[in-house]
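Here is a short report on one protein model. Please read it alongside the coordinates.

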Amino acid sequence: MRFNGDVQGYRRTASGTQPEYLHPSYTSSLRRAPTLPLVAIPHTLSEITGPQFNPDDVPSHLSDLTRQHPGEPLGERIIVSGQVSDEDGRAIGHTLIELWQANAAGRYLHAEDRHDAPLDPNFSGCGQVLTDAQGRYRFVTIRPGCYPWRNHHNAWRPAHIHFSLFGPAFATRLVTQMYFPGDPLLLSDPIYNCTADEEARKRLISAFDWETTIPETALGYRFNIVLRGREQTPLEAAP
Ligand SMILES: [Fe+2]
């Protein structure tokens, strides 16, 4: 493709709708926050194009985290589904969504996780799926447990699922966290509260969903995601 210089970039995010780089109650942000003003780089073809995914790249069993081992994982089975769209509500189809999470006891299958909680031999906590043509996705998984971290005295993360999305371009790449409605730990969680705008912050909380709840099997949670522009889902403020 020839670059003719006539590139329309993506809309920049509105103030307060994304995590602050410096959020003192989130202690690791003190060490990594930029100390100089940021420099806005114009979007070129490199930013407005991105990887394309083929359905054959993502085996269908990766969207069911309860069926990746010989036995069933412990915990509360849930369905997480939703739609991925742009700021005008246009569906973003055939894009890759990856998730990772702790098990029901609040423990990650990761060498760095020192939480004194059991691993589950039937749960790895990683999944992948492509959105369909209407931008819809669906995972079957286990509700993750809360876990402690050392940000401050008696700090516990609210239950959450990490999400990574690519979208149609590198400028639409999003890494974020989904929370559960009514979690009392949200009020004191510095990562959730890094985003100043309350409406933007609430976009990170999934909604309980009768429509996708399966009788006698699993509760459903809906998590719609907007990539770039107005109503954009906030990034996670990760260390
Ligand atoms: Fe986490």
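## Iron site

This is a predicted model. The iron ion has four donor atoms. They come from Tyr-108 (OH), Tyr-147 (OH), His-160 (NE2) and His-162 (NE2), at 1.9 to 2.2 Å. The angles among the donor atoms run from 90 to 162°, and the site is irregular.

In sequence, the donor residues follow the spacing Y-x38-Y-x12-H-x1-H. Tyr-108 sits in the loop between strand E2 (96–100) and strand E3 (126–130), while Tyr-147 belongs to strand E5 (residues 147–149), so this pair ties together parts that are 39 residues apart in sequence. Both tyrosines, Tyr-108 and Tyr-147, are buried.

Strand E7 (residues 160–165) pairs with E8 over six bridges, in the antiparallel sense. One residue pair deserves a note. His-160 has Tyr-179 in E8 as its bridge partner. His-160 is also a donor to the iron ion, through NE2.

## His-162

His-162 is in strand E7. Its NE2 atom coordinates the iron ion. Is His-162 buried or exposed? Its relative accessible area is 9%, and the cut-off for buried is under 20%, so His-162 counts as buried.

The side chain of His-162 makes a polar contact of 3.3 Å with the side chain of Glu-236. Beyond four places in sequence, His-162 touches Glu-98, Leu-99, Trp-100, Tyr-108, Tyr-147, Thr-176, Gln-177 and Glu-236. Tyr-108 and Tyr-147 in that list also coordinate the iron ion.

## Arg-157

Arg-157 lies in strand E6 (residues 155–157). It is buried, at 2% relative accessibility. What does the side chain of Arg-157 make a polar contact with? The partner is the side chain of Tyr-179, at 2.9 Å. Tyr-179 is also the bridge partner of His-160.

Leaving aside neighbours within four places in sequence, Arg-157 is in contact with Cys-146, Tyr-147, Trp-149, Gln-177, Tyr-179, Leu-185, Asp-189 and Ile-191. Among them is Tyr-147, a donor residue of the iron ion. Gln-177 is in contact with Arg-157, and His-162 touches Gln-177 too.

## Arg-90

Arg-90 is in the loop between strand E1 (77–85) and E2. Its relative accessibility is 52%, and exposed means over 50%, so Arg-90 counts as exposed.

Outside four places in sequence, Arg-90 is in contact with Val-84 and Ser-85. Arg-90 and Arg-228 are 138 residues apart in sequence, yet their C-alpha atoms are 12 Å apart in space.

Key. Residues are numbered from 1 along each chain as its sequence is written. This is a predicted model: local features need pLDDT of at least 70, side-chain atom pairs count only at pLDDT 80 or more; totals for chains, interfaces and linings use all residues. Side-chain values use heavy atoms; hydrogens and water are left out. Donors are N, O and S atoms within 2.8 Å of the metal (3.2 Å for Na, K and Ca); water is not among the atoms, so sites may look incomplete. Four donors count as tetrahedral if all angles lie between 85 and 135 degrees; four count as square planar and six as octahedral if opposite donors are over 155 degrees apart and all others between 65 and 115; anything else is irregular. Helices (H or I, at least four residues) and strands (E, at least two) are DSSP runs, numbered from the N terminus. Buried means under 20% relative accessible area, exposed over 50%, partly exposed in between (1.4 Å probe, protein chains only). Two strands pair if DSSP finds at least two bridges between them. Contact means heavy atoms within 4.5 Å. A polar contact is a pair of N or O atoms within 3.5 Å; within protein, one must be able to donate a hydrogen and the other to accept it, and residues adjacent in sequence count only if both atoms are side-chain atoms.
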